[in-house]
Amino acid sequence: MAAFICRHTWRSGSDAGKRCNLSPRMEDGFCVFHSELDEERPFPQDVVAVLEERARRGLSFEGFRLPDARLRRINLTGADLSGVDLSGTDLSLSQLMKSKLAKADLTNAFLFGANLQEADLSGSFLLGADLAEADLFGASLRDAEAFGADLRRANLAVADCSRADLSEATLSEANVNGANFTGAKLADAVLDGVDMSRAASKADLAAE
Amino acid sequence: MRPMSSIDDELDRERRRIEDLRHRAKRRLAECTKEAETLQPRGTEAAGAGDAKGAAEVERRLQKMRARTRRYEDLVAELESGGDRLAAEVLLARLQGPEVDLLVGEVERNRELVVQRATALLRARDRHRALRHRWTELAEKIRVLRQTRGLPEARSAPVDFRVNVAPSNYVQQPDGPTYREVSDVVHHLGL
């Protein structure tokens with residue numbers, strides 16, 4: 001039997017122009033990571049190891065869809081996960097230091113205790129995401145859509161939250177020392193125990 | 001270079017870290033449970049008052065809170081039952097992943113450093129040889145000038161070009177090479 005080749009063609013990175021050779025195959029001819037089907041994905045048992053190996057080798061995650069995947073404690077330090085679908089994904093206790101998550105879909109993702117130091121979350125979708133106790137020291141949340149996100153006891157020190165939508169988000173007891181909230185929306189956000197005077201710049205606290 | 005800590009020490013550190021995370025996750029689980037309990041009567045109240053939209057909204061939030069609670073229950077259970085095995089798994093993942101990568105990077109950087117320093121060392125040796133040659137030429141010129149013009153003999157002592165490393169003039173740094181190692185290298189360089 002011929003080996004399965006996914007329909008996805010890499011557009012960037014060292015494999016640009018080549019077809020993806022990941023598996024297993026889905027009904028639409030794409031691999032489980034690129035499939036456009038909405039059904040539950042049968043991710044391989046060793047999905048964490050597969051993704052960690054790709055990150056270590058600096059391989060592309062372009063077009064990956066990992067909704068509701070269980071990636072607890074995964075180490076994707078420095079990986080480029082820009083635009084990846086991680087909605088509802090369990091990334092609790094994961095190592096995502098310096099990872100690129102620009103425009104990534106992290107809607108309802110579970111990021112409890114994740115290490116996101118200096119991660120690039122600019123323009124990411126964090127609606128309803130749980131980032132409680134997450135370490136976002138120096139991370140960029142510029143233009144992030146974090147409506148209703150839970151950031152209680154998160155470390156947002158020197159993070160760039162400029163123009164981020166944090167309306168109705170919970171930031172209770174979060175550390176915002178030196179954080180930049182220029183143009184950020186914090187309408188109806190829960191700010192118990194947050195010393196906003198320690199932030200580098202103020203946010204828009206008024207409801208629209 | 002800092003000595004590598006023992007497996008037991010590292011496992012102990014991981015256990016403490018897991019224990020701390022367990023406390024934090026448990027605290028969060030309690031918060032979720034409490035929030036769900038607070039929401040429940042509000043939904044009943046809205047339904048009782050005929051506010052279908054309000055009741056549906058509360059129900060939606062309740063569902064979300066329950067899903068979140070289940071995630072925390074799962075996480076707490078993993079952190080509670082994992083014990084030594086979980087600590088070992090976490091440590092192994094760290095050692096196999098970031099620690100190995102870090103070391104590989106260090107090796108690469110150090111390889112370059114060794115080449116750079118070796119080049120610098122050989123360049124210094126060549127310069128030393130060139131200086132010695134220059135000195136010989138200069139001394140010869142002076143000697144010829146004196147001899148041909150009947151000028152008095154030199155008063156200055158000749159320069160010693162040997163690189164003398166002796167226990168008396170070598171101060172070994174805590175992480176530096178020994179006197180013997182430096183002496184051997186200088187010898188091999190013919191200096």
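Visitor: Leaving aside neighbours within four places in sequence, which residues is A:D15 in contact with?
Guide: This is a predicted model, and A:D15 sits in the segment before helix 1 of chain A. Two residues count as in contact if their C-beta atoms lie within 7 Å. Once the neighbours within four places in sequence are set aside, the contacts of A:D15 are A:W10 and A:S60.

Visitor: How far apart in space are A:D15 and A:L59, C-alpha to C-alpha?
Guide: Along the sequence, A:D15 and A:L59 are 44 residues apart. Their C-alpha to C-alpha distance is 8.3 Å.

Visitor: Is A:D15 buried, partly exposed or exposed?
Guide: A residue is buried with 20 or more other C-beta atoms within 10 Å, and exposed with 12 or fewer. A:D15 has 15 C-beta neighbours inside 10 Å, so A:D15 counts as partly exposed.

Visitor: Is the peptide bond from A:S23 to A:P24 cis or trans?
Guide: Most peptide bonds are trans. A:P24 is in the segment before helix 1 (47–56) of chain A. Omega for the bond from A:S23 to A:P24 is near 5 degrees, which makes the bond cis.

Visitor: What is the phi of A:R73?
Guide: Most residues other than glycine have a negative phi. A:R73 lies in the segment after helix 1 of chain A, and with 18 C-beta neighbours inside 10 Å it counts as partly exposed. Although A:R73 is not a glycine, its phi is positive, about 65 degrees.

Visitor: Is A:R153 buried or exposed?
Guide: A:R153 is also placed in the segment after helix 1 of chain A. Its phi is positive, near 55 degrees, in a residue other than glycine. A:R153 has 20 C-beta neighbours inside 10 Å, so A:R153 counts as buried.

Visitor: Why is chain A described as compact as a globular protein of that length?
Guide: The secondary structure of chain A comes to one helix and zero strands. The globule rule gives 17 Å for 208 residues, and chain A is close to that, so it is as compact as a globular protein of that length; its radius of gyration is 18 Å.

Visitor: What percentage of the residues in chain A are buried?
Guide: The C-alpha trace of chain A spans about 65 × 30 × 25 Å along its principal axes. Among contacts in chain A with a separation of 6 or more, residues 24 or more positions apart account for 6%. Of the 208 residues in chain A, the buried share is 55%.

Visitor: What is the radius of gyration of chain B?
Guide: Chain B has three helices and zero strands, and its elements run α-α-α from the N terminus on. The globule rule gives 16 Å for 191 residues; chain B is well over that, so it is more spread out than a compact globule, with a radius of gyration of 38 Å.

Visitor: What percentage of the residues in chain B are buried?
Guide: Along the principal axes, the C-alpha atoms of chain B fill a box of roughly 125 × 40 × 25 Å. Among contacts between residues at least 6 apart in sequence, 64% join residues at least 24 apart. Of the 191 residues in chain B, the buried share is 7%.

Visitor: Which residues of helix 1 of chain B are buried?
Guide: Helix 1 of chain B covers residues 7–48 and reaches 61 Å from its first C-alpha to its last, close to the 62 Å expected. What covers its buried residues includes helix 2 (52–149) of chain B. The buried residues of helix 1 are B:I18, B:A25, B:R28 and B:C32.

Visitor: Which residue with a positive phi follows helix 1 of chain B?
Guide: Its phi is near 80 degrees. The residue is B:G50.

Visitor: Is B:P158 buried or exposed?
Guide: B:P158 is in the loop between helix 2 and helix 3 (179–188) of chain B. Its C-alpha is separated by 9.9 Å from that of B:T136, 22 residues apart along the chain. With 8 C-beta neighbours inside 10 Å, B:P158 counts as exposed.

Visitor: How many charged residues are on the side of chain A that touches chain B?
Guide: The contact takes 14 residues from chain A and twelve residues from chain B. The residues on the chain A side include four nonpolar and four polar, and the charged ones number six.

Visitor: What ipTM does the model score?
Guide: For chain B, the mean pLDDT is 88, and 99% of its residues reach 70 or more. The model scores pTM 0.77 and ipTM 0.86.

Key:
Residues are numbered from 1 along each chain as its sequence is written. Chains are lettered from A and ligands numbered from 1 in the order in which they are written. This is a predicted model: local features need pLDDT of at least 70, side-chain atom pairs count only at pLDDT 80 or more; totals for chains, interfaces and linings use all residues. Ala, Val, Leu, Ile, Met, Phe, Trp, Tyr, Cys and Pro count as nonpolar, Asp, Glu, Lys and Arg as charged, and the others, Gly among them, as polar. pLDDT is the predictor's confidence in each residue, from 0 to 100. Helices (H or I, at least four residues) and strands (E, at least two) are DSSP runs, numbered from the N terminus. The expected span of a helix is 1.5 Å times one less than its number of residues. The radius of gyration is taken over C-alpha atoms; the globule rule is 2.2 Å times the number of residues to the power 0.38.
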